Amino acid sequence: MALKYEEMMKEKGFLDYAVDCKHPLIKQKAKDELGETDEIRRRALEQFRKMVLADKKLNCLTDDEFLLMFLRARKYDEKRAIDLLRSFFHTISSHPEIFNKLDKEKIYKLTGSKVISALPFRDNEGCLILIGKIGIWDVDEFSEQVLFCTALILYLCAVNFEATQVTGVRVIFDAEGYSFKQVRRFVPRYLPLVSKAIRNCIPIRFKSIHLINESIVLRYGWSVLKLFLSEKIKSRFCFHGGNIEELLEYIPKEVLPVDYGGDCANSIDGDRLVKELDKYYDRFLSMMKC
């Protein structure tokens, strides 16, 4: 069944979540949306690296792989890219209670629960589809610190795929089971952190964020969170309530899971997510140092 699905998706031209950035469609999208060419990429990397090395407050990685994440997130505008880089490290250093003590065992366990997961195929624009299920989060077993660290490493793991840096992501946030017990862990203490992560911290291009099964509890959280967001970012949020079929207006049926009215019966399982995380974990640790 899974093999037939994969064959169907490839026949229809849908790209695998781990598609190479050298794929013709990705290369064309990089040129059209980011203005990226081999020469522009080379020049921008050279200039950006000089700016990073000249900043005495930054002591971070300067390899091409790391710098490209920030350049692509800001469409090769070096000044905006370094602002994003500074914001990234400022956010980490401003919250030592979260990022200074990583609990690897619990991060792996929470990842395996699929609190955040990815779909095996991208949408018709090449965007990676991420699904967040906050209701899975057991606040008695996993602290909000573990949740934030898990979310950050998984988003960075996703953007570590160069194709995702080019295409961006669409997020489906399923709030089924989201309770006051969980919302109290966020509101009001960590809402500024959440808004900054969405707005100007993580080197990732959010194309759209879809909320489904949202209750009064989540609406309350949103009423506060939106105060910290720009109009541009707020316009990317789509609320669907229990009308999951509305997702089909934004994301192809072929890509979506069966639970959301789609055709995908075999999403990426927890074990596979943990394996992807494990391949990236040491790189994540080196990225966090500044």
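This is a predicted model: local features need pLDDT of at least 70, side-chain atom pairs count only at pLDDT 80 or more; totals for chains, interfaces and linings use all residues.
Now step back to the core. Leu 85 belongs to the largest nonpolar core, which has 90 residues. Five of its members touch the most other members: Phe 48, Phe 66, Leu 85, Leu 156 and Phe 186. Helix H8, residues 144-159, gives this core its largest share, 13 residues. A second core is separate and has 16 residues. Among them are Leu 119, Ile 129, Ile 131 and Cys 264.

Next, look at a pair of helices. Two packed helices are described by the angle and the distance between their axes. Helix H11 spans residues 191-200, and helix H12 spans residues 216-225. Their axes come within 10 Å and cross at roughly 75 degrees. H11 is therefore roughly perpendicular to H12. On the H11 side, Leu 191, Val 194 and Ser 195 make the contact. H12 brings Gly 221, Val 224 and Leu 225. The contact residues of H11 and H12 comprise 4 nonpolar, 2 polar and no charged.

Finally, turn to the cysteines. How many disulfides are there? The count is 0. A disulfide needs two cysteine sulfur atoms within 2.5 Å. Cys 149 is buried, with a relative accessible area of 2%. For Cys 264, the closest cysteine sulfur is in Cys 127, 17 Å away and therefore too far for a bond. Cys 264 is buried, with a relative accessible area of 2%.

Conventions. Residues are numbered from 1 along each chain as its sequence is written. Side-chain values use heavy atoms; hydrogens and water are left out. A nonpolar core is a set of buried Ala, Val, Leu, Ile, Met, Phe, Trp, Tyr and Cys residues joined through side-chain atoms within 4.5 Å. Buried means under 20% relative accessible area, exposed over 50%, partly exposed in between (1.4 Å probe, protein chains only). Helices (H or I, at least four residues) and strands (E, at least two) are DSSP runs, numbered from the N terminus. Axes are lines fitted to C-alpha atoms, for helices over the stretch in contact, and angles run from 0 to 180 degrees between N-to-C directions. Angles under 35 degrees count as roughly parallel, over 145 as roughly antiparallel, 65 to 115 as roughly perpendicular and the rest as oblique. Contact means heavy atoms within 4.5 Å. Ala, Val, Leu, Ile, Met, Phe, Trp, Tyr, Cys and Pro count as nonpolar, Asp, Glu, Lys and Arg as charged, and the others, Gly among them, as polar.
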